[in-house]
Amino acid sequence: VKLKIGADKIPNFEELSAILKPLTGWEIVAVPGLIPPEPFFTHLANRRFPVTYWIRKPHEMDYLEEPDLFHDLFGHVPLLSNPIFGDYIAAYGRGGLKAMQNGGINYITRLFWYSVEFGLINTPKGLRIYGAGIVSSRGESQFALDSDSPNRIGFDVKRMMQTRYVIDDYQQTYYVIDSFEQLFEATKPDFIPYYEETRQKPRLEPGVILPTDKVYHLGTGEYVKKRQLEKEQNQA
């Protein structure tokens with residue numbers, strides 16, 4: 001509501017930045033598509049959020065691997081008006097630049113994926129979506145909250161850094177935070193020891209559940225089984 005983003009007109013980045021900047025210090029910068037890690041992290045560290053200016057085609061509305069205007073603007077930007085979430089993204093940008101110098105880019109990318117892109121938040125009214133990757137997909141929005149298939153487990157930075165993710169389909173596991181304060185607190189420690197620790201551990205597959213996980217919902221995995229069967233049938 002604060003940003004007055006609607007579907008009735010073409011978004012004006014300058015107008016949106018003029019509203020957003022006094023709220024949390026953030027502004028929007030236009031980019032043609034995915035940009036390399038260094039400029040991406042630099043933008044975030046300086047409270048500039050890159051928004052892609054191309055938009056998906058009608059047949060791509062339900063799922064898209066590469067971010068477009070709808071994903072970036074409607075999925076990411078509204079949460080930047082929340083001061084705590086805005087601080088988290090800026091801290092993530094600074095952490096990303098540091099990760100590039102310390103061999104931690106893959107680990108911190110997984111953290112972004114499982115939080116900013118595909119995170120859930122626990123509220124008094126139940127689980128809700130805050131991840132932009134879910135918000136920008138009608139199908140995954142329903143899947144993430146209502147399906148029995150995926151796991152829903154508690155937010156854990158080290159565990160997330162250790163876990164692979166799915167880029168071409170719905171997620172097998174969603175991580176749940178209790179508050180945006182929890183996200184911000186998670187960025188305070190020095191991540192370099194985390195990277196060293198994670199290197200010594202095996203990578204986890206997306207659907208794995210560990211004895212140490214806080215499990216909100218243990219998924220049936222039926223969606224993954226169905227998709228695998230479809231692939232096998234197509235290859236036969």
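User: What is the strand order in the open sheet of 5 strands, and what is the pairing?
Analyst: In this predicted model, the order is β4-β3-β6-β5-β7, and the pairing is mixed.

User: Why do β4 and β7 stand at the edges?
Analyst: β4 (126–129) and β7 (215–217) each have a single partner strand, so one side of each is left without a neighbour in the sheet. Between neighbouring strands of this sheet the turn is 35 degrees on average, direction ignored.

User: What makes β3 and β6 a pair?
Analyst: Pairing needs at least two bridges. Strand β3 (residues 120–123) and strand β6 (residues 173–177) are joined by 2 bridges and run parallel. I121 has I177 in β6 opposite.

User: How many aromatic pairs are there, and why is the one between Y114 and Y175 called edge-to-face?
Analyst: The count comes to 20 aromatic pairs. Ring centres must lie within 6.5 Å, and planes over 60 degrees apart count as edge-to-face. For Y114 and Y175 the centres are 4.8 Å apart and the planes are at 65 degrees, so the pair is edge-to-face. Y114 lies in helix α5 (residues 105–117) and Y175 in strand β6, 61 residues apart, so that distant parts of the chain are linked. Both residues, Y114 and Y175, are buried.

User: What makes Y130 and F180 edge-to-face?
Analyst: Their planes are 85 degrees apart, with 5.6 Å centre to centre; the cut-off for the angle is over 60. Y130 sits in the loop between β4 and α6 (132–135), and F180 in helix α9 (residues 180–186), 50 residues apart. Y130 and F180 are buried.

User: Which residues form one aromatic cluster with Y114 and Y175?
Analyst: W113, F118 and Y165 are in the cluster with Y114 and Y175.

How values were computed
Residues numbered from 1 in each chain as written. Predicted model: local features only at pLDDT ≥ 70, side-chain atom pairs only at ≥ 80, totals over all residues. Heavy atoms only, no water. Helix = DSSP H or I, 4+ residues; strand = E, 2+ residues; numbered from the N terminus. Axes fitted to C-alpha atoms, helices over the stretch in contact; angles between N-to-C directions. Phe/Tyr/Trp six-rings, centres within 6.5 Å; stacked < 30°, edge-to-face > 60°. Buried < 20%, exposed > 50% of the residue type's maximum accessible area, 1.4 Å probe, protein only.
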